[in-house]
Amino acid sequence: MIKTTIYQNHAGQYTGVTCIGHAGFAAYGDDIVCSAVSVLVINTLNAVEAFTSDAFTARTDPDSGLIEVWFEHPAGHDGKLLLDTMILGLQNIQEQYGTDYSRLTFEEV
């Protein structure tokens, strides 16, 4: 299962994202759930880096499926909008394929 956690401060501002695991929906290379989640998360983070001034640090580990991002300051307006669209996509995947393959949670930090 892929576990994605969205971290927010007490004001609800995005401070980080962790995505880890593999969906297990199908064999490696044929897993559409894993591919969809990966594309959403990676493209969103690339967009935040390319189109906003939100600075962040990232750590990845392909074996575990880890993508971990921490913003230096809470995401600004444009970063929030990009993360909101990623969350919408992740929620849709969870609804369509179930929480056995992808689970999205929110955590206050």
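## Burial and overall dimensions

A residue counts as buried when its relative accessible area is under 20%. By that cut-off, 39% of the 109 residues of the protein chain are buried. The model is a predicted one.

The C-alpha trace of the protein chain spans about 40 × 20 × 20 Å along its principal axes. The radius of gyration is 13 Å, which agrees with the value near 13 Å that a compact globule of 109 residues would have. Among contacts with a separation of 6 or more, 58% join residues 24 or more positions apart.

## Order of elements

The protein chain contains two helices and five strands. Read from the N terminus, they follow the order β-β-α-β-β-α-β.

## Helix packing

Helix 1 covers residues 32-51 and helix 2 covers residues 77-97; they pack with their axes 9 Å apart, at an angle of about 175°. Because that angle is over 145 degrees, helix 1 is roughly antiparallel to helix 2. Helix 1 contributes I32, V33, A36, V37, L40, V41, T44, A47, V48 and F51 to the contact. From helix 2 come D78, G79, L82, L83, M86, G89, L90, I93 and Y97. Sorted by class, the residues of this contact are 15 nonpolar, three polar and one charged.

## Strand 4 and its partners

Strand 4 (residues 66-71) is mostly covered, with five of its six residues buried. Strand 4 pairs with strand 3 (residues 56-61) in the antiparallel sense, over six bridges. Strand 4 also runs antiparallel to strand 2 (residues 14-20), to which four bridges join it.

Which residue of strand 4 does R59 stand opposite? The residue opposite R59 is E68. T18 likewise stands opposite E68. Strand 3 and strand 4 form a hairpin with four residues between the strands, and in this hairpin G65 takes a positive phi near 80°.

Leaving out residues up to four places away in sequence, D54 touches V48, F71, P74, A75, G76 and G79. Of these contacts, V48 and G79 also take part in the contact between helix 1 and helix 2. D54 and G76 are 22 residues apart along the chain, and their C-alpha atoms are separated by 6.6 Å.

A23 is in the loop between strand 2 and helix 1. With a relative accessible area of 5%, A23 is buried. Beyond its neighbours within four places in sequence, A23 is in contact with M1, I2, D31, V33, C34, D100 and Y101. A23 and C34 lie 11 residues apart in sequence, with a C-alpha to C-alpha distance of 5.2 Å.

## S102 in strand 5

S102 belongs to strand 5 (residues 102-108). S102 has a relative accessible area of 3%, so this residue is buried. Not counting residues up to four places away in sequence, S102 touches M1, I2, V33, V37, I93 and Q94. Among these partners, V33 and V37 of helix 1 and I93 of helix 2 are also part of the contact between the two helices. M1, I2 and V33 touch S102 and are also in contact with A23.

Conventions:
Residues are numbered from 1 along each chain as its sequence is written. This is a predicted model: local features need pLDDT of at least 70, side-chain atom pairs count only at pLDDT 80 or more; totals for chains, interfaces and linings use all residues. Side-chain values use heavy atoms; hydrogens and water are left out. Axes are lines fitted to C-alpha atoms, for helices over the stretch in contact, and angles run from 0 to 180 degrees between N-to-C directions. Angles under 35 degrees count as roughly parallel, over 145 as roughly antiparallel, 65 to 115 as roughly perpendicular and the rest as oblique. Contact means heavy atoms within 4.5 Å. Ala, Val, Leu, Ile, Met, Phe, Trp, Tyr, Cys and Pro count as nonpolar, Asp, Glu, Lys and Arg as charged, and the others, Gly among them, as polar. Buried means under 20% relative accessible area, exposed over 50%, partly exposed in between (1.4 Å probe, protein chains only). Two strands pair if DSSP finds at least two bridges between them. The radius of gyration is taken over C-alpha atoms; the globule rule is 2.2 Å times the number of residues to the power 0.38.
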